[in-house]
Amino acid sequence: EASFATTESKESHEAPIYELEDFVVTANRKPLTAPGTKQELRQEDFAVWEPTDAADLLRYFPNVNVNKPAIGSDESLIAVRDQSALANGQLWVLVDGFPISNPLRAGPGGAARLNLVDPQTIDSVELHYGPFSGYASAGVIHYTTLPSSERSAELGVRYFWHDFELYGTDNIYEGYRVNFRLTERIDNWGIGLSGSYLDEEGNPQRFFSTTNFEAPPPGPPPVEVNGAFLDKDPVGEERIVYGSQGTRETSVGTVALDLTHYFDDATLRWTSRYSTRESITDNPESYLTNAITGEPVSSGSAIFEGNTIRISPGLSGSEIRSESEWLNGLGLSGELPDDWSYDLTLSALQILESDNENANRIEETPEAYWLNGKATISKSELFGQETLDGYIGYEWTQAVLEDLNFNGDGSFDQRTG
């Protein structure tokens with residue numbers, strides 16, 4: 001901001017006096033970085049939006065699509081610049097400079113662990129549109145949390161609901177989130193402790209259907225049923241929809257401890273973040289009823305409007321998913337001569353639990369580690385930024401997969417890999 005004060009001529013006391021109005025010159029907080037472009041949202045921008053999780057904020061960036069099956073889901077797929085969410089370029093996601101996505105693995109296996117970021121503690125989020133290097137070909141997302149620079153306390157409770165109607169499902173789904181945040185400044189130390197708990201009901205993400213209208217199998221005759229729906233699949237083939245996965249109940253707990261030491265020309269920071277999530281779908285909903293007795297039908301073979309269908313065993317099964325992870329990171333940032341700055345981080349993200357069990361398979365990840373080291377040296381220029389980035393990463397994963405193959409006669413074959 002610049003202003004001009006009142007001035008008076010020294011040659012004569014009778015000379016006129018001029019007073020100019022104040023004017024304000026504004027610029028970007030940081031210059032844009034080529035070859036991509038950057039968008040930023042700050043807390044004052046999204047405070048009225050009441051985001052339920054960190055992925056919600058990304059919906060407000062231009063040309064970004066967020067596909068998540070439920071609130072608090074760790075399966076959110078993010079597409080940038082019209083790329084497919086299922087085959088997107090690599091996105092690198094960080095919180096306070098520490099990676100929470102795995103650049104060594106593409107697809108859902110390397111997706112960001114966004115549950116480690118409590119939305120009520122976010123100060124800003126930046127999206128740098130790519131392409132950059134191989135581990136960030138689609139771009140970089142950087143969440144910055146609120147600083148622990150003064151004493152503060154916060155407690156929040158949020159309630160939300162939505163109505164869902166499709167095929168034979170017509171329900172209202174509810175949820176709530178409780179969060180807290182405490183900060184304290186002691187001399188040159190800043191201390192922050194935050195946590196949240198989310199509990200919500202989600203509408204069905206999968207419906208049971210078939211396009212295979214088969215001849216009646218040998219044995220007992222199929223049951224004639226009502227309640228199914230006839231429509232067409234995405235390629236135009238006729239199908240019968242006869243049930244849904246049911247309500248998905250999700251609970252997510254997150255806690256974070258942050259320590260910051262402020263030097264004269266540098267900042268040392270340490271973070272420890274833990275998140276746990278459980279998602280249970282144990283009440284599949286069958287639309288089928290016996291045409292004679294009116295009793296629900298959820299297994300075997302059935303006849304609907306002259307078409308014979310074999311009911312999936314998943315309609316009488318359940319799906320349970322459990323996830324927990326722990327992030328520890330140490331960072332040092334500061335200023336160098338000639339307008340250069342640096343940011344150095346070391347972090348370890350440990351997958352403590354990752355189990356997914358349904359009617360057809362059981363997936364377990366007993367142990368997994370993502371180790372990351374990152375160094376950035378940059379200099380701000382008038383129309384850009386000179387940046388030198390270095391990254392080193394290591395991943396170690398142990399996984400167990402059990403396939404349960406349905407034989408058609410009611411029995412299963414189990415294969416373990």
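This tour of a predicted model goes from a nonpolar core to the strands around it and then to a sheet.

**Stop 1: the core.** Select Leu58, Val64, Ile100, Ile141 and Tyr143: these have the most contacts inside the largest nonpolar core, which has 32 residues. Now color the elements that give two or more residues to this core: S2 (64-67), S3 (77-80), S4 (91-95), S6 (122-129), S7 (139-145), S22 (340-357) and S23 (361-381). Which of them gives the most? That's S6, with 4 residues.

**Stop 2: Val64.** Center on valine 64 and show its neighbors. Leaving out residues up to four places away in sequence, Val64 touches Leu58, Ile78, Ala79, Val80, Leu127 and Tyr129. Apart from this core lies another one, of 12 residues; to find it, pick Tyr242, Val297, Phe304 and Ile309, which are among them.

**Stop 3: S2 and S3.** Back to S3, side chains on. Leu77 and Ala79 point one way, Ile78 and Val80 the other, and all are buried. S3 runs antiparallel to S2, with 4 bridges joining the two.

**Stop 4: the open sheet.** Switch to cartoon and trace S1-S6-S7-S4-S5, the order of an open sheet of 5 strands with mixed pairing. Which strands sit at the edges? S1 (38-42) and S5 (98-99), as each pairs on one side only. Finish at S4 and S5, an antiparallel pair joined by 2 bridges. Select valine 95 there, and you'll find its bridge partner, phenylalanine 98, in S5.

Terms used. Residues numbered from 1 in each chain as written. Predicted model: local features only at pLDDT ≥ 70, side-chain atom pairs only at ≥ 80, totals over all residues. Heavy atoms only, no water. Core = buried A, V, L, I, M, F, W, Y, C linked by side-chain atoms within 4.5 Å. Buried < 20%, exposed > 50% of the residue type's maximum accessible area, 1.4 Å probe, protein only. Contact = heavy atoms within 4.5 Å. Pairing = 2+ DSSP bridges.
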